[in-house]
Every structure is written in structure tokens, then in C-alpha cells.
Amino acid sequence: MSRLPAPWGNRINRDVPVTFSFEGRTNQGFAGDVIASALAAKGQWMLSRSFKYHRPRGLMSMAGAEADTLVQLPSDPNVQADRHPISQGLRVSAQNVNGSLARDRDAYMDKLGRFLPVGFYYRSFMGPTRNSWLKMWEPLIRKKAGLGVVDLKAPHADYEKANLFCDLLVVGGGLAGLTAAIEAAEAGADVILADMEPVLGGALTYGRDGVDRLDALLKQAAALPNLRVMTETVVNGWFEDNWLPLIRGNKLYKTRAREVLLATGSVEQPAVFRNNDLPGIMLGGAAQRLMRHYAVKPGHRTVVMAANIDGYRVALDLLEAGVELAALVDPRPGGSGGALASELAATGTKVIQGVVEEARGKTHVTAVKVGDDWLDCDLAVISVGYAPMWQLPCHAGAKLGYDEDSARFSLTLPDAALGIAGGLAGVFAADAVVADAQQAAQVALQRLNLSTREITPVADDEASLTNFEPVIASHPMGKDFVDRDEDIQVKDLQNAVKEGYRELELIKRFTTVGMGPSQGRHSALATARVVAKATDRSVDQIGVTTARPPFGPETLGVLSGHHHPAERRTALHREHIRLGADMRPVGAWRRPYFYGPKVDAKRLIEEEVHAVRNGVGILDVSTLGGLEVRGPDAGEFLNRIYTLAYKKQPVGRCRYCLMTNEMGTVIDDGVAYRLAEDLYYVTATTGAVARVYADMLFWNAQWRLDVDVLNVTSAFSGFNITGPKARDVVTALDGDIDFSREGFAYLDGHSGTVAGVPVRAMRIGFTGELSYELHCPSTYAKTLWDAVIKVGEPVGMRPYGLEASRILRLEKGHILIGQDTDALTSPDELGFEWAISKTKPFFVGKRSIEMRRNKGLSRKLVGLSFDAPQGDPNVPGESCLVLKDDVPVGHITSVLWSPTLSAHIALAYVHGDDADEGSVVTVKCRNGVRLNVPVRGHTFFDAENKRQEL
Amino acid sequence: MRIYPLDPQGAAEGTPLVTGDVTLRDFSHTSRFGLKGRGSVAFLQSQGISVPGVNETATGVLRLGSEEVVVLDGPTELRASWEAAQAPKGYYAWREETWAMMHLSGERLFDLMAKICPVDLSVSAFAVGRIAQTRVGYVEAITWRNDRDGIGFDLLFDIAATAFFADAVATASAEFNREVTP
């Protein structure tokens with residue numbers, strides 16, 4: 001089929017041929033063609049097979065609104081053939097076919113329709129046997145379901161995000177949107193005009209009377225620097241406070257608009273009759289788009305079904321394009337053509353009052369039935385009415401109503417900075433649309449406090465002829481599709497009502513009507529009419545199903561944007577790398593897991609443990625949370641935040657901190673070092689410090705104490721020097737802190753200068769060994785580290801990593817918040833009664849702890865050990881269950897091989913009755929083996945604490 | 001010796017800072033005297049320092065809260081004066097340690113800021129002298145217009161995220177080499 005001569009084809013460049021392939025066959029189109037237009041120009045009208053029955057399908061709207069035009073590209077499924085441009089070498093194939101598009105082996109499904117009634121899957125997939133779903137249906141459906149194929153080896157693509165701001169966002173660049181945007185921009189507003197098409201103009205670009213008007217508007221728009229035009233941009237939803245996602249290609253524009261004006265127009269509605277889905281049957285707008293955008297003649301001989309003026313316009317266009325008009329079928333008594341009726345009559349066109357009742361053809365329409373007559377044709381054009389694009393206004397809270405007299409949906413807007421104009425507002429005649437859009441812009445301008453002017457309203461002389469409500473009767477032989485995406489016929493909806501489903505939201509879920517890619521754009525109105533009739537109610541009472549964002553499909557890439565996992569580095573990051581550390585993420589931080597080559601990980605980690613137990617090691621603890629609590633009420637504040645008492649804590653001493661929430665659940669722990677009467681330096685766990693800081697600010701705002709809290713996590717770095725030889729190291733450092741046994745007792749804290757660096761030193765540790773923790777401002781960290789490393793060399797000090805630290809702490813029986821605790825863990829369950837002040841009148845969680853204590857312990861954390869060689873599978877892993885009388889009562893929270901003890905050691909929750917040392921509990925390994933092991937205390941190593949208090 | 005992240009041996013040593021359509025420069029060595037808590041503003045005023053309104057900046061003084069202030073490149077004796085002063089005088093905020101300080105400029109500056117910051121920082125919406133406490137480049141940040149040698153923004157953010165921030169800016173600005181933004 002050759003192209004129509006210019007000026008038909010305003011989007012194609014006939015001088016630039018483009019070669020592409022479809023279903024393995026080479027095709028040629030022109031630059032500017034979309035896949036569907038280029039194929040149609042070559043006579044290829046069938047683009048896909050339908051979802052359920054595998055019926056041949058082609059283009060209907062040329063607006064990217066239905067599943068029938070979805071095709072497969074090599075790395076991109078579900079591409080809209082009626083919107084996606086062709087490009088040189090593009091390889092396109094059909095979706096949802098078994099074999100090929102022309103010879104689909106699943107086409108027999110069309111004959112099985114009566115065995116696949118609506119909702120059949122709810123019944124069928126339950127049987128015939130208990131496991132039928134898993135063994136039969138699920139594999140079968142997984143094979144058949146879905147449309148396109150995801151390319152798991154798709155090449156990398158860049159997805160971008162940006163924020164946009166404007167006074168007024170106009171959505172839709174047709175006559176109404178363009179006019180409103182110009183009106184507002186001329187008044188000084190900062191305007192964004194977004195449209196999903198590649199060029200502005202909407203129906204003006206393909207309608208019969210739009211070209212001159214469009215040229216003038218485009219010139220006006222181009223002259224306005226404060227009017228930003230964004231074409232090929234989908235406004236994919238409306239969210240609270242006028243926040244709208246604008247998607248253009250691979251970029252998401254997160255847009256905040258002070259005012260939003262929706263001019264998204266209306267969507268043409270198909271007619272319902274038997275075989276209304278055959279290729280060659282299309283909406284009037286589709287025929288006009290094919291001709292005016294792409295110079296494609298949509299057929300040779302046509303029947304036009306027109307229930308509005310636009311149908312007459314299409315008929316005249318088709319005649320001008322050389323298409324033989326077999327007849328115009330007008331269902332409206334008195335005709336729908338208005339002033340155009342006589343113009344059409346002058347062409348000699350036969351006008352029949354009636355409706356198209358049926359179509360026939362195998363893979364393309366060959367005739368339609370009107371009354372008793374079959375009219376031969378290869379094109380049937382339908383222009384019977386519109387529905388407003390209600391999705392975006394409904395996202396914003398608009399209500400959709402239905403006017404029985406005009407047979408149209410209408411929108412009632414919420415009280416918000418939001419307006420509608422043009423076809424969306426039910427205005428159709430061009431002059432009336434212009435006035436309506438100008439007035440809508442004026443309303444927005446007034447709310448923006450910009451200058452306004454009076455707009456004279458113009459009557460819409462086409463409004464009464466826009467829609468016509470036909471009688472929709474189920475054809476005895478079916479295949480009268482209401483929803484082409486989901487292959488839903490009239491009888492399916494009627495049967496759903498007979499099944500007892502009266503409400504549309506339930507009917508939708510039972511039948512899947514409106515669940516396809518078009519999301520009801522082409523089916524909602526007909527569905528409402530069918531259900532209204534079947535339930536003897538009005539269309540207004542039925543309405544449409546809830547519209548939720550997104551408006552159209554959006555890729556995960558667009559939602560994701562750049563992949564930027566957070567990364568924080570301690571001041572010693574480069575030093576750790578220089579030392580060969582295996583750096584691993586710990587929350588946002590990167591920490592050394594161990595030092596040395598990965599192949600030797602196990603040996604190296606054990607060596608690091610032995611170094612600490614037998615000599616001395618150094619661990620970078622800079623990721624520990626650091627908080628300064630300062631002010632006259634700092635002690636009182638900590639008394640309320642933590643479970644122990646701090647008000648009388650001596651200056652220069654450190655004290656353990658246990659934090660509970662209002663439920664009495666343990667949420668963090670750390671150490672408070674009192675530097676001065678009004679200054680505490682408090683550590684928190686790496687993962688929880690942000691939450692602890694937020695909680696402190698929250699409570700401080702409640703209590704209004706004279707306290708200031710500062711998060712100094714990044715500001716301070718810290719190293720823990722630990723092991724029997726730790727004192728040898730720190731006493732060798734130059735400085736004014738006395739690290740001797742007499743001068744620096746266990747849990748002491750001293751501030752001073754070490755190696756020229758201001759230091760906060762604490763005698764605390766996590767290993768059970770003699771330990772000193774040196775904290776300093778982070779910019780000095782490398783200087784201090786170097787000094788410590790230098791004096792540590794003579795005694796063989798080596799840095800150790802996170803895994804050795806985890807082993808050392810478990811050997812000593814220290815808990816890890818978040819690993820050995822969960823969202824319900826109380827201090828009593830941890831055996832931490834010693835950490836609860838009995839004299840304080842209040843701390844957060846105190847009352848809950850007492851109430852929970854009164855209820856008794858349902859579980860308790862204990863130590864377990866397993867006498868099995870390293871790597872033995874008969875040792876439980878973390879999360880393995882602890883059983884009592886075959887019922888789970890707890891689980892393993894931590895389990896590791898202890899190089900020091902040559903045994904597997906674990907912490908586990910056991911039943912409260914079994915928590916005493918010596919009680920035997922049953923643990924189930926991953927391989928199912930059950931072990932009976934005796935309970936022991938938390939502390940596996942140096943239970944008398946002699947080593948850390950050396 | 002003090003070492004900031006982008007210095008030799010610093011945590012972000014070797015991390016490239018973008019130049020071209022957008023230029024990112026490091027000013028983390030800038031002296032920052034920060035106070036927070038009761039008495040902060042009064043102390044600074046007693047030192048003859050003019051303190052602007054909340055979320056405003058003037059003459060190198062950033063007012064981040066009713067009692068939270070940072071003085072950039074302030075008098076060297078300021079800390080000694082503060083330590084010698086009687087409370088209430090605010091509390092030391094360690095701003096030279098908690099934050100990195102960087103500067104963004106370039107022809108595509110505003111396009112970049114639109115990508116990495118959710119606040120409208122355009123010339124018409126964000127006046128010189130205002131401070132935005134927001135997120136920039138996926139990290140919490142404080143930013144304000146500071147036209148050093150052309151229009152630009154100064155930024156303060158978590159010093160531990162220096163390399164991450166530089167990488168985020170580089171990734172975001174890479175788009176300018178690939179396509180045209182509106």
C-alpha cells in the first residue's frame with residue numbers, strides 16, 4: 001500500500017528511508033514512522049494475538065492505549081508499536097504467540113471460549129487434586145502468562161532523575177493545553193507544558209480543521225521564555241501537594257507545581273459488536289492519525305459508524321484520501337453530523353441510520369453487518385463517543401459522574417490547586433475549548449496572585465452531539481469485546497452479575513475487566529453501561545473503578561535512577577586498604593573484615609583472634625556512634641534515657657549504657673564517659689546511632705531539660721588496642737595520659753594529648769582482654785594510628801578485622817544489639833537485671849520492664865556449645881530453632897567456631913524454664929538433626945573477668 | 001598533622017572531582033568554628049560577630065538554628081575566647097570534623113542541583129543569603145549560594161561521605177555529556 005501524497009504525513013520524512021524487521025521480515029518505512037504506521041503502510045495490519053483467545057489483533061487507537069499493539073524488541077518487552085519510532089536495523093517481533101504471528105499454534109483457544117467462562121480460573125486452578133496448582137496449573141500458567149519476554153542480559157542503560165518546579169504545570173499539549181499555557185505564560189507565570197506526543201497540538205495535528213490554528217499557537221508558545229515545553233513526556237500520576245512524576249525516556253522529573261491544569265482531553269470509545277476486534281476496525285482518531293501523521297491510507301473501502309460530528313469529519317477525510325466510503329452508519333435519530341451532514345451528503349455518501357451489529361473476516365475485516373445487510377469493506381471506522389481522561393484528576397480526588405442526557409462522564413474537582421480544561425472538561429468545539437482553556441488559566445493565575453483578565457465564554461455547539469448511548473446486547477455467538485486487553489466479552493460481565501457480583505470493584509476483580517494495559521480507557525464506559533443494565537441501575541451509580549497512579553507503565557529503571565548505595569569511610573579507609581584489608585559494607589560504612597588475601601581468610605581470621613588473646617591487636621572502631629550530651633542537666637537526661645544511673649557517675653569514669661524503648665525492649669547499648677560535670681561522651685552501636693540520636697532529640701524536646709545533644713560519629717575516630725600486651729603499647733606512646741595500671745583503672749576515662757593528638761581514652765573493650773580505646777578528632781586519626789602502630793611493632797601488635805572482633809566478643813559472651821536481640825527482647829531475657837537501676841524513679845521503658853517481669857520470662861538468652869569438629873554439619877546455624885516438647889521456643893542468635901576454645905559456641909534463646917545452667921535443651925540443625933545440649937552461661941572465656949581487669 | 005579526606009592518605013584520596021560543565025572543588029580545610037546550644041548566639045555577638053536570621057548566612061556566618069551557628073574563616077582566637085568564657089556560651093560543635101566542605105559551580109550548575117537536590121535552588125527561587133538544610137547527592141547537606149568565581153553553591157555534609165558525594169556528583173553530571181536537558 002503506497003503512501004498518501006503530501007501534505008498527508010506531517011510526521012514522516014520521505015527523504016529518509018528506514019529499514020527494520022518485523023517477525024524476521026525486512027520492512028522499510030520513513031524517518032518519523034512508528035512501528036505500526038510503517039507496517040500498515042506495507043499492508044501488515046495484524047500486530048499481535050490477544051491475551052486469552054489468541055485472536056488476531058491490530059491497531060485500534062494509534063494512541064498507545066491498548067495491549068493489541070504491544071510488541072517485543074530485543075531488550076524491551078511490551079513496546080507500544082503505535083508510539084515507538086522505527087530506527088535503522090530495529091528488530092521487532094510479535095508477543096503472545098506460540099510459533100509465529102501468522103501461524104499461532106494457540107489460535108485454537110478462540111474455539112474454546114465457552115470452556116473458559118469468566119472467573120473460571122478461580123474454580124479450575126483449585127483442582128482436581130490437592131496439589132494441582134503447584135504441579136499442573138502454576139507451571140502451565142507460568143509458561144503461557146505474560147506478554148513480552150524480559151531480556152535478562154539487557155545492556156546497561158542510564159536512568160536519570162531531576163526535580164522540576166513551576167508556577168503552573170499544564171498537562172496535555174492539545175488546543176486546550178497550549179492555549180492555557182500561553183495564556184498563563186503571557187501573564188508572567190513560570191509554566192511547564194507537558195505532552196506525551198513528540199509534537200504539540202494533540203488532535204490539531206491529525207484532525208480535519210487544526211493546522212492553521214496550531215501553527216499560530218506554536219509560534220506564540222515559542223516566543224515565551226517562561227513557557228517550558230516538554231514533549232514525549234508522560235505525566236504518570238498526581239500525588240499530594242501537586243507533586244507529579246514526569247517521565248521522558250529514561251528520565252524521571254519529580255515535579256512540584258504550585259498549580260496544575262489538566263488538559264489531557266478525552267479518549268475515543270470503541271463500539272461493542274461481534275468481532276469488533278478484527279484488524280481493520282479502528283477508531284476515527286486512529287484513521288486520521290494514520291493519514292495525517294504518516295500518510296498511510298487505512299483501507300480501500302470503508303464503513304464509518306458515526307455517532308458524533310467527528311465521525312463525519314473522519315468520513316470526509318477518508319473520502320479526500322481516496323478511500324471508498326461504502327456507507328456512513330449513524331445510530332442517532334436525526335443524525336449526528338450537524339452542519340457537516342449536508343457536506344457529506346453532497347459527496348453522495350450513503351447514510352444509514354443504525355448500528356454496526358457484527359463484523360466478519362479471518363485476520364482482517366472483510367464486511368460489517370448493518371441491519372440485515374452485509375457491507376463489504378476492508379476498513380471499519382468507529383466514532384461513537386468519548387470518555388474524559390479521568391485518571392489524573394481522579395488521582396487528585398476528582399469524582400466522576402455520568403449525565404444520562406448527554407451520555408457522557410463528567411468530572412467534579414476537589415478543592416485544590418488543580419483545574420481542567422477542554423475535552424477533559426467536556427468542551428469540544430474549538431472556539432469553546434479556547435475560551436474554556438483561557439478561563440481555566442485565569443483561575444490558576446488568580447490563585448498565583450498574578451494579573452488576570454476577563455474571558456468571554458463561548459457556547460459549545462458540539463457538546464450535545466459528542467456521545468450517544470447505544471443499546472449493548474450480548475451477541476448470541478459472543479466475541480463482542482468490551483475489554484480487548486483481557487478478552488472480556490459482554491456475556492462475561494453479564495455472567496459476573498449473575499454470579500452475584502453487583503459492584504464494579506468486585507466485577508473488576510472477578511472478570512479482570514480494566515486490568516490490562518489500557519486500564520479501562522476503552523472499556524470503562526461500556527462496562528458501566530453493561531453492568532448498569534444488568535443490575536437495573538444507572539451508569540452514574542456504577543461509575544468506574546478507582547484510578548491510582550501510575551497512569552501508564554513505567555520501568556523499574558526509571559523508578560530506581562542511579563544505583564547509589566550509601567558509602568561512608570572512616571578516616572583510616574586508605575590505610576586499611578594499604579594493609580590489605582578485605583573491606584566490606586557494614587550498614588553504610590566500609591570496614592575491614594580481616595587483613596590479607598581472601599584465599600587465606602579462615603587462617604588469617606584465626607591468627608587475628610590469637611594475636612588478641614596472646615599478644616595485642618588493634619581494631620578501628622571509628623564507626624561506633626558518638627554522641628556528646630552536654631549541659632547542666634546532662635546527667636539527669638542520661639538517667640532518663642538509659643537504664644543505669646549517670647547523675648552521680650564520677651568525672652573520669654565510664655559506665656555501660658543500655659537503652660530501652662517504651663515497650664521495655666532493648667534498642668541499643670554503649671558506654672558513657674563523663675568528661676566533665678556537664679559533658680558526657682556516649683557511644684552507640686554503629687547501626688543504631690542515627691536512631692538513638694533522633695530519640696534523644698525527641699525526648700529532649702519533650703522534657704525540655706537544659707541539655708544539648710550532638711552527633712559526633714564522623715567527627716571522632718577510635719581504635720581499640722586490646723590484648724595482654726595492650727598496656728605495653730599505650731604506655732610507650734608520647735603524651736600526658738598515664739596509662740599505667742595504677743593511673744588508668746578498668747572503666748576509667750582520661751583526656752589528654754597522645755602523640756600530639758587530642759585524645760579521649762577509655763579502658764573499655766569488647767574482647768574480654770585488657771583494652772584501651774583511644775578516640776580523637778577524625779582529621780588526627782591517621783597521625784594517632786601511625787603512632788600507635790609504631791610503638792606496637794616491637795610487641796607484635798597487628799590490626800584485626802570485624803570477623804575476629806565478632807569471634808572475640810562471642811567468646812566473651814557480649815551481645816550484639818540487633819543480632820542477639822529482636823523487637824521484643826527485654827533486659828531480663830538477656831540476663832541484664834544488673835543493668836537496670838532499681839532506685840531511679842523513671843527511665844524510658846522502666847514501667848514496661850516491670851510489667852513484663854511480672855508476667856514471667858517466656859524465653860531467655862543463654863550460652864550453648866557444641867562438641868563437634870570445625871565445619872561439622874551437625875552444628876546449628878544462626879536462626880536454627882530451639883525446641884521444647886517439639887515446639888519452637890527460641891532460636892540460635894549467634895554461633896561461631898572459637899579458635900581459642902576449639903569449639904562451636906553460641907548464644908540462643910531457650911524457654912524460660914530451661915535457662916538455668918545445666919538444663920538440657922534441644923536444638924534443630926539445618927539438616928534436621930536434633931541435638932540435646934546443656935545450657936551454660938553467656939561467657940565462654942574468662943568468666944571471672946580477670947583478663948580485662950589486669 | 002590533620003588529614004582531610006581528599007588529602008594524601010585521606011579516606012577519599014584519589015577520588016576524582018568533576019570538572020567541565022560542572023566543577024566540584026574541596027574546601028574542607030576551611031576553618032569552621034561551630035557552636036550549638038544555649039548561649040551560642042549571645043557569645044558570638046559578644047565577640048562582635050553579627051549573627052543573621054535562622055537559615056541565613058552573611059559575612060561568613062551561618063545561622064543553622066535559633067542556637068546553632070557556624071563561623072567560616074573566623075578570627076583565629078575565637079575558640080580560645082570561647083573556652084575562656086563563662087557559660088552559657090553554647091557548646092562546641094566540632095564542625096571542622098563533622099563536615100566536609102565543597103563548592104559546586106559550572107555552566108550546568110542549576111541543572112545539576114535540580115538533579116541532586118530536592119529544593120528549588122534556581123536564581124528566582126533561592127536568594128543569595130539563604131541556607132537550605134536538605135539532601136544533596138543522597139546525603140544530608142547544608143547548602144547556600146556562594147559565588148566564588150562565578151555562580152556557585154557551598155556545601156557542608158558528612159565528612160565520612162566525601163568520596164560517595166564526589167562520586168554521586170560525577171554520576172549525575174555525566175548525563176550532560178550524553179543528552180540535552182530541558
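Predicted model: local features only at pLDDT ≥ 70, side-chain atom pairs only at ≥ 80, totals over all residues.
For chain B, the mean pLDDT is 95, with 98% of its residues at 70 or more.

**Helix H22 of chain A**

- H22(A) spans residues 802–812, and nine of its 11 residues are buried, so the rest of the structure largely encloses this helix.
- The buried set holds A:Leu802, A:Ala804, A:Ile807, A:Leu808 and A:Leu810, together with A:Ser805, A:Glu803, A:Glu811 and A:Lys812.
- What lies over these buried residues? The cover includes helix H17 (601–614) and the strands S29 (581–586), S30 (589–595), S31 (617–620), S44 (887–898) and S45 (903–911), which belong to chain A.

**Helices H4 and H10 of chain A**

- Helix H4 (residues 175–186) and helix H10 (residues 430–447) of chain A have axes that come within 8 Å and cross at roughly 40°.
- That angle makes H4(A) oblique to H10(A), and their crossing is right-handed.
- From H4(A), the residues that meet the partner helix are A:Leu175, A:Ala176, A:Thr179, A:Ala180, A:Glu183 and A:Ala184.

**Helices H11 and H13 of chain A**

- Helix H11 (residues 490–498) and helix H13 (residues 524–534) of chain A pack at an angle of about 40°, and their axes are 10 Å apart.
- H11(A) and H13(A) are therefore oblique to each other, with a right-handed crossing.
- H11(A) brings A:Val490, A:Leu493, A:Gln494 and A:Val497 to the contact, while H13(A) brings A:Thr527, A:Val530, A:Val531 and A:Ala534.
- The contact of H11(A) with H13(A) has six nonpolar and two polar residues, and no charged ones.

**A:Arg274, a residue in a loop**

- A:Arg274 sits in the loop that links strand S14 (266–268) to strand S15 (281–283) of chain A.
- Is A:Arg274 buried or exposed? A:Arg274 counts as buried, because 22 C-beta neighbours lie inside 10 Å.
- Beyond its neighbours within four places in sequence, A:Arg274 is in contact with A:Glu358, A:Ala359, A:His475, A:Met477, A:Lys479 and A:Asp480.
- A:Arg360 is 86 residues away from A:Arg274 in sequence, yet their C-alpha atoms are 8.3 Å apart in space.

**Where chains A and B meet**

- How many residues does each chain give to the contact? Chain A gives 33 residues and chain B gives 34 residues.
- On the chain B side, helix H3 (95–98), helix H4 (109–116) and helix H5 (162–174) each supply at least two residues.
- H5(B) provides the largest share of that side, four residues.
- The residues of chain B that touch chain A divide into 19 nonpolar, five polar and 10 charged.

Conventions: Residues numbered from 1 in each chain as written. Chains lettered and ligands numbered in written order. Contact = placed C-beta atoms within 7 Å. Nonpolar A, V, L, I, M, F, W, Y, C, P; charged D, E, K, R; others polar. pLDDT = per-residue confidence, 0-100. Axes fitted to C-alpha atoms, helices over the stretch in contact; angles between N-to-C directions. Parallel < 35°, antiparallel > 145°, perpendicular 65-115°, else oblique. Left-handed = near helix turned anticlockwise from the far one by under 90°. Buried ≥ 20, exposed ≤ 12 C-beta atoms within 10 Å, placed from the backbone.
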